[in-house]
Structures are given as C-alpha cells and as structure tokens.
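Dear colleague,

I am passing the structure below on to you, with notes on what was found in it. Please read them alongside the coordinates.

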Amino acid sequence: MDQHYDPSSIETDVQKNWEDTQAFKATEDPSREKFYCLSMFPYPSGKLHMGHVRNYTIGDVISRYQRMQGKNVMQPMGWDAFGLPAENAAIKSGMPPAEWTRSNIEYMKAQLQRLGFAYDWDRELATCDPDYYKWEQWLFARLVDKGLAYRKTATVNWDPVDQTVLANEQVIDGKGWRSGAIVEKRNIEQWFLRITDYAQELLDDLDKLPGWPERVLTQQRNWIGRSEGVTMDFQLENSEEKIGIYTTHPDTLMGVTYVAVAAEHPLSLQAAESNPELVDFIEECKKGGVTEAEMETMEKKGMALGLNVIHPVSGEAVPLYVANFVLMGYGTGAVMAVPGHDQRDWEFAEKYGIERKQVIFSADGSDCSIEKEAYLEKGILSNSGPFDGLDSEAAFNAIADWLKKHGKGDKQINFRLRDWGVSRQRYWGCPIPIITDANGEAKTVSEFPVRLPEDVIVDGSGSPLKKMPEFYDLGNGQVRETDTFDTFFESSWYYARYCCPDAADSMLDDRARYWLPVDQYIGGIEHAILHLLYARFFNKLMRDEGLVENDEPFSKLLTQGMVIAETYYRTNDDGSKEWFNPADVTVEHDDKGTAIRATLQADGQEVSIGGIEKMAKSKNNGVDPQGLIDRYGADTVRLYTMFAAPPEHTLEWSDAGVEGAHRFLKRLWKLSATHLQTGNIAELKKDELTEAQQKLRLKIHATISKVNDDIGRRYTFNTAIAAVMELSNALSQAKDDSDNGRAIMREGLETSILLLSPIVPHITDTLWHEFGHTEPAINAAWPVVDETALVQNELQLIVQVNGKLRAKITVATDADNKQIEETAISDQNVQKFIADKEIRKVIVVPGRLVNIVVS
C-alpha cells in the first residue's frame, strides 16, 4: 500500500465503482425498514456554494449511517429550476432561461457527484420539465373543480417598469428591487388556493411533529395565527349599510372612539369621488407597504371621511377615518380603534385630535393612566355601561353574549393565515392551466401539460407570454392564462414525486406509499414558514385526493446553520463599497490573534475589515468548493464542514481548519499503511490482555458507543469526529508488536474506518479494501459495541481540596468509600495541601471525584 495519500486518484476510482455498481439505487422492499433522507433541492444558479456543501453533506452522513444500520435508504436529488434569477440572467446574456438553467444543472450535478454524495440519480427531476409540472397542473385543475382554487381581485405590489407583481421581499424602500421604480399598489385578478380551509388542521398537526425544532413549530403556529375573538357590525349612520369588524379584545369595545378603513375600502373610494384631497391620500397609500410588519413601522396617516358609524352597544356616533395602517387584504379592511388601550390607535388619535377613552383599569390600583401612552394590560372594566366591574376575561364573554342576543355579533375564531396567491406575472414558471372563454368564464384545460414555450428571449418588459398570441390566443374568443405559478408550487410536492419520478399515468403511485413520509428532511431555517407550510398543505391536498396516506410530509427536520466568513472592502468615491475575496487579502494579527490590518495582495494597499458575515456573492466572501476539492479532495471538504460546528450552529470559515482536516486524513492513511506492513494478524485472545491492551480496547468500544449516539441520535457530527480523532491518537501512541497488540490495532483501525465512513466515504472505502475486505465499506455493518470491553477494573477519580483540583487517583471499581478516602488522603500531592490542617469531612461522588474539606 502506498504511504502517500492521493485523494484525487482515490476519489475518482471509488466514485467510478459506485457508478458502475449502481451502489445507491433505491428500490422498494417491503421486507426491510425504509429510510427516506432528503435535503432541500437547490436552485440551479450556476455553482455550488459552501452552504450547499454543508447542507448536502449533513444529509449524506445521515443516509450512509442509516444504510450501515441495515435500512433500505433512499436519498434523491433534483432541481428547483423555475424562478426569477433565470429571467434576470437571460436579460443580461440574451440566453433563453431554459438554456441557462439546464446548463447550470449540468455543471452543478457534476459538482455534487465530485463530492461523492450517495444519491440515486435515476430519481433526478427538474421542476421545469413538462413531465414534472404537468402533474401540478392536473392537481390544480382538480382543486378548481373542488372549489379549493379560485380567482379573485387582490391588492399587490406592482412594478410599472418591469410590468409585474413583486413579492413583499422584492420591494426595497418602496422601490422595485431590480428596476428601482416606485412600486404601486394595484388590484388585479389572481388565482388563490384555499389554504385557510386547512388552517386548523395545519395548526393541530404540528403536535404530530416531535422531530421538528421547537423554533420552527413556534414560527408556524405564529404564522397560522389562530385567535379567538368577536365579530360585530357597526352600522353606517343614516344608512342600512354595515361595516364588519373583528377584534380579539371585545373587553375594550366601549372605548372605541373611531373606526378606520383601508384606502381601497368601498367607503373610502366612494367618499373620494367628491374629495380631491382624499383622492391624493389614497394614491399615496398605494405606494405604501402591504405587510403587517411594514404597517407597524410606518408613519401613521389618515383622513376623516366625513361619515359616522353607530356603536353597536352605546348607539353613539363614531367618526370614520381612512388610515394607511389598515390593509384591505386582511379581514374586512376595517378596524375598531381604541386609543386608550392600543398604542397604534393612541398615536393616531394624538395626531388627529381624536378622543381617548379609558375603559380598562388596573385591578390592584396601580398606575394605569393613558395620558402618555395606551394602557395595554388586562384589568377591570369601567366607563363601560352594563359591563362595569367585570374583569377582562368575564367581559369578553359578556359582551360577546350581548352582541349575539341583539343580533349584532358573535364569537368567532380567526386565523392570521391568508389564502395562498399563486399567480405570478412572470415567464419562467409553470403555466396556469386555465382558459377564459368569450363570455369571461374561466375553465380548466382538459389535456396536460400546458407547455411553457422555451425558445424565448426575455427583455425585462413584462412576461413574454403576454406578447405571444400563438400561446394565449386559442381562437373563438378563447384566451389562455399567461400568468405562471408561484415557484413555491413546484417545491411543495417534489419530495413525493421522487418516490416515483417515472410514473407516466398518475401524479404518484403505490411507491409513494412505501417511501413517505420523508424520515429526515434537511434545510435552512429561512424556509421555516413558507416552504414548509406549503409543503404540509400540499401533502394534505394530495392525501385528500387519495394520492398519499400520511398526514405530514416530513417526520424529522434538521435546520442547518449558515456558513460565515470574514469580509474586506474599500469605500469608493461615490460611497459605494468594493468587496474583496478573503483569498485575495493578507491579514496581520496581534498577539491575541485579533486582525489588526489587511492588505490587498494585488496592490499591497490597505483594505477595511468588514467583520464576519454570511457567505454571499454581494460581499464577495464566498469560498469556491471546487477549488478546495481540487486542492484537498472531497473527503477533506466533507470532514471540515462536519467538524467545524454542530449542524444547527453557524459555521465560521477557517482555512486553517481545512488544513487540519486534511492533515488528519493523511495521518489516518499513514497509520493504516504502516500497520498493514506488519503482515498477517492473529486472532485476538481476549482472556490474555494486558492492562494497557484492555484500556485500548475500552477506548475503541467506548468510541463506538459515543459515535453511534452522536451520529444516530444527536446529529452532533463534530463530537463524533473528535471522538474518532482521540481514538486515532491513542492508536498512534500504542507501541505493541505482540500478537494481541497488533490484533487490537487492527480492530481499532477498522473501527475508525467504519465510524468515519459516512463522513469521508472515499478514503474509508479504499482503506477498507486495503485491509482485505471484498465488499465495499458502504455495505459493511456498523460496528457493534463489545460490552465486555467496557467493563473496567479501575476508575480514575479527581481529588479536590476545598473544591480545588489537587490530584487524580486510580482505584478499583469495587472500592468502597473508606478505601477511596484513604487513597485520596494518602496521595503525595494531596498531602501538600492538607498537612497541619484539620480534615472536617470527605465527600465522595461515586465514579467522579473526592472533595476533602479542611480548615
């Protein structure tokens, strides 16, 4: 065996063998326990980044470990291929998005293969392929038939330059993120899915997911936002028209001093017909935010509409205002305002001179004045007519009952969750399978797929589909829908299609029932709400369509942390910053290792140190995985990303850490090569072990036990690697050429190889063959702990004097407390600290320590 570790040749040979033998091809086998491991599939942006590498290495380690447990493992990979970046790239390059996307897929697939991930590539899919998206078109048609998909007019962010709807995240300081144009609110017809019909089930079924991080469960609960409140009507003065209101604080009802409606509310628009100033205000509101978060931070503005509504209990006239903090898309587009007990309402009332009325007072008589701010606590009602003296909880029920009795309201459960708007005025997406006839009636198509034209040039001036009559004009007054689906649509069910990607006659088949649900899902915390919520929703839609049997798509969820690195920049004359890659910068450190100066290698001039941030193209602080693979090999990259931090934590990039990982693999290789030169190994004679040999075997099997728990249960891959490194050090220090000594060395090295196999599969597979095994390491069973090796005749205890460590002693495992105390007190080093002092007591903590208290 060559003493030199050459990852490039080793990894190429191993990967070729895996490919030739279809080592990772998954087939259904009802006689075996299945394990479906899935990492969130990537957008084919062009190249892998270190976040990808970390994410996919985590999934691969878990998959390979479960395979060594004897499970039938499936780990697929594919491409979340639709989306805006392809359109933007097409605008710059003149290349059709389809060509750009498929070129990127080809390159990134080769990168994934070079990293040695155990994917079943026969299950590969790309969401831009008609064979994939035709089935979501089919399902959408079914949802239309069932009333779960519908079309309505909705308020959206409209970019007048790009001629398209923008997501809230794409509006920056009120401007389109790409065009820079002032974004407008516009009402357009869009398609929606009734996710609200599943709101309660989506909430309840979170309790079925103990394998999910509590942080994610909390975010989903908050997003769904179940609330118990009261709905009621405020009737327009001198009119039969009523305004519906929902509140979760009916105990404050008697403190209402105005009602606010959205700018797009029919009453606002009606009042604007004779009020030019109001027209201007409504136009200003159209340029405001459309999210609750934006509403919280923006300046509160409004105008009186010159109308009143009648309080449902007191009968008093209450002024009606239009306000920029009320959203038409939330609830009824109207809110009751209680300045005494809501800070937003208080600020608005202060600004426009509206009465503030206090109706809740502290139960203990403490200060509850509303002179300087709203009083927000629960308490005792006053100034509330028939409800005076009730506490807030009792008032909730009493007021709800009064409203119901008088036909003016009732209790109601509401959800913060809104129906999912799935229409996008973009080209590179799945066409919505709808045709509108000459009478304006929308109908679903009868044949699938509705193919997206791919030989298209995108120029940024709206969707090309709207300029292609050959696509949308079907004759006889029939017009095809030119909107495409939100790309969350494709990523909401891909996990199920992996189970049967070649199913030609149905969206899913019986194979999905074998593999689902996904046993382990891995991805970034940024997907905690939308993607995971939509995937859960889609699973329930498919279940109710009879396609799957499981209620939830993902049994366990792991959310990995970010990869971060140093940033360096120079400030340009115009105030902008030019960012430089860390690889191009030389850094000087002080005695404590703190960076004190950085210079650009190209010109030797100083650059500013920007701190540590998430790796991103915008900060030019990414590390090219391909360069690392070429230099160190895939195993080193995999080892470093697993060793540098626990998977849920942030990983701070360190070039020195990568070097360290590579050195360890070289040591393991050399240690194995040196051992193999010693020739044949005799059978281990367990009943003839020396004390040193027993300790080394104890180390081997204690390591198996720890790594098994670290990888199999805790997912702390960093501590698993550290344990194997410790074992490797112990093996390196063992200088025992006896038959038993060499046998234990063989046992320790083979154990290390198998324990590391899920993490560094190339080097371990090669070493496994060098040790004489004919089957590949991926087919080897996980090491089993020899319980007899864990039996210890002696224990090491620490000895403290008055709580300070003073010595370590070795005692027999069956020693009683008296023997332990005597050994501790007689220790030579301990004697230095207890001489001429009175021993007041000796505390023995079994298996851990002895504390001698003296005075």
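Helices (H or I, at least four residues) and strands (E, at least two) are DSSP runs, numbered from the N terminus. This is a predicted model, in which local features need pLDDT of at least 70 and side-chain atom pairs count only at pLDDT 80 or more, while totals for chains, interfaces and linings use all residues. Residues are numbered from 1 along each chain as its sequence is written, and side-chain values use heavy atoms, with hydrogens and water left out.

I begin with the cavities and pockets. On a 1 Å grid over the protein atoms alone, a cavity is a set of points where a 1.4 Å probe fits but cannot get out, a pocket is an open set with protein on both sides within 12 Å along at least five of seven lines, and lining residues have an atom within 4 Å of a point. A volume is the space filled by probe spheres set on the points, which are joined across faces, edges and corners.

At least two lining residues come from each of α3 (84-93) and β4 (164-166), and α3 has the largest share, with four residues.

The second largest pocket, with a volume of about 1,300 Å³, is lined by 44 residues, of which Y246, T247, T248, V335 and R344 lie nearest its centre. Elements that give two or more residues to this lining include α7 (214-224), β8 (226-236) and α11 (343-352), but β9 gives the most, with four residues.

Turning to helix packing, the axes (lines fitted to C-alpha atoms over the stretch in contact, with angles from 0 to 180 degrees between N-to-C directions) of α20 (residues 655-676) and α23 (residues 739-756) come within 11 Å and cross at roughly 145°. The contact (heavy atoms within 4.5 Å) involves, among others, F664, L668 and L671 of α20 and M745, R746 and L749 of α23.

Finally, four strands form an open sheet of mixed pairing in the order β33-β32-β35-β34, where two strands pair if DSSP finds at least two bridges between them. Because β33 (804-812) and β34 (839-845) stand at the edges with a single partner strand each, one side of each is left without a neighbour in the sheet. β34 pairs with β35 (residues 849-854) in the antiparallel sense over six bridges, and V844 has V850 in β35 as its bridge partner.

With best regards
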